[in-house]
Amino acid sequence: IQGQGVRLVASTGRGPVYATSGFLGGIQPDYTIAFNGAYIMNREGTPLFASPMSEEQFAVTESLGRQGHALGYSFVDGYYIYHSPEKLVTLSGATLADSGSIHFNLDNQRHLKSLPYVAFCNYPDEMAERFNRDNPSMKMVYHRPNTYDLCQAAHNKATAAAWLLEHLGLG
């Protein structure tokens, strides 16, 4: 289909590594929307749109780790586990560990290079709605029982697709 001039866009809540040909059965997308819409790149890996967490959003997520919740962060270069790695590897499943993109960053310094796009954590299901209410710039997105992605409320895959179409002159 790409050979007929159709542009392929892969969209994921995960990092861009999950939209590569190795994960897509040999298909290389023309554009990738990653981190639930906070990052868009072209086939060559050039970012077209990048909106990492703010310092304030990072502080909100980091407070969860200090409260004892397993916590990791998604950066363009991979996943960094900051708190309780033994819990997160189990919660994240084999796909994340097998990707080679998981880093055990227990010195908690990766964010000093650049801020993450998304966080992921274990968190009690019954408290997720309250987190979302108390932190309007963030949204806790269910992954599986007691496991959540912490995304920026301002972004989602649909708004990112609309931005890309506008950027390409198709909107």
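Predicted model: local features only at pLDDT ≥ 70, side-chain atom pairs only at ≥ 80, totals over all residues.

Me: What share of the residues is buried?
Reply: Of the 171 residues in the protein, 45% are buried.

Me: Where is H69 found?
Reply: H69 sits in the loop between α1 (55-66) and β5 (71-75).

Me: Why does H69 count as buried?
Reply: Buried means under 20% relative accessible area. H69 has 15% relative accessibility, so H69 counts as buried.

Me: What makes H69 and N122 a polar contact?
Reply: The cut-off for N or O atoms is within 3.5 Å. A polar atom of the H69 side chain lies 3.3 Å from the backbone oxygen of N122. The distance is therefore within the cut-off.

Me: Which residues is H69 in contact with, leaving aside neighbours within four places in sequence?
Reply: They are L64, H83, N122, Y123 and P124.

Me: Now the rings. How many aromatic pairs does a search of the whole structure find?
Reply: The search finds 11 aromatic pairs.

Me: Why is the pair of F49 and W163 called tilted?
Reply: Start with the centres: they are 5.4 Å apart, and rings pair if their centres lie within 6.5 Å. Then the planes. Under 30 degrees counts as stacked, over 60 as edge-to-face, and the rest as tilted. The planes of F49 and W163 are at 50°, so the pair is tilted.

Me: What makes this pair a tie between parts apart in sequence?
Reply: F49 lies in strand β4 (residues 47-50), and W163 lies in helix α5 (residues 157-167). The pair therefore ties together parts that are 114 residues apart in sequence.

Me: Why are F49 and W163 called partly exposed?
Reply: Partly exposed falls in between buried, under 20%, and exposed, over 50%. F49 has a relative accessible area of 23%, so F49 is partly exposed. W163 has 30%, so W163 is partly exposed too.

Me: Why is the pair of Y123 and F131 called edge-to-face?
Reply: Their ring centres are 6.1 Å apart, which is within 6.5 Å, so the rings pair. Their planes are at 70°, over 60, so the pair is edge-to-face.

Me: Are Y123 and F131 buried or exposed?
Reply: Y123 is buried, and F131 is buried as well.

Me: Which residues do ring pairs link into a cluster?
Reply: The cluster is F35, Y39 and Y117.

How values were computed: Residues numbered from 1 in each chain as written. Heavy atoms only, no water. Helix = DSSP H or I, 4+ residues; strand = E, 2+ residues; numbered from the N terminus. Buried < 20%, exposed > 50% of the residue type's maximum accessible area, 1.4 Å probe, protein only. Polar contact = N/O pair within 3.5 Å; in protein donor to acceptor, adjacent residues only side chain to side chain. Contact = heavy atoms within 4.5 Å. Phe/Tyr/Trp six-rings, centres within 6.5 Å; stacked < 30°, edge-to-face > 60°.
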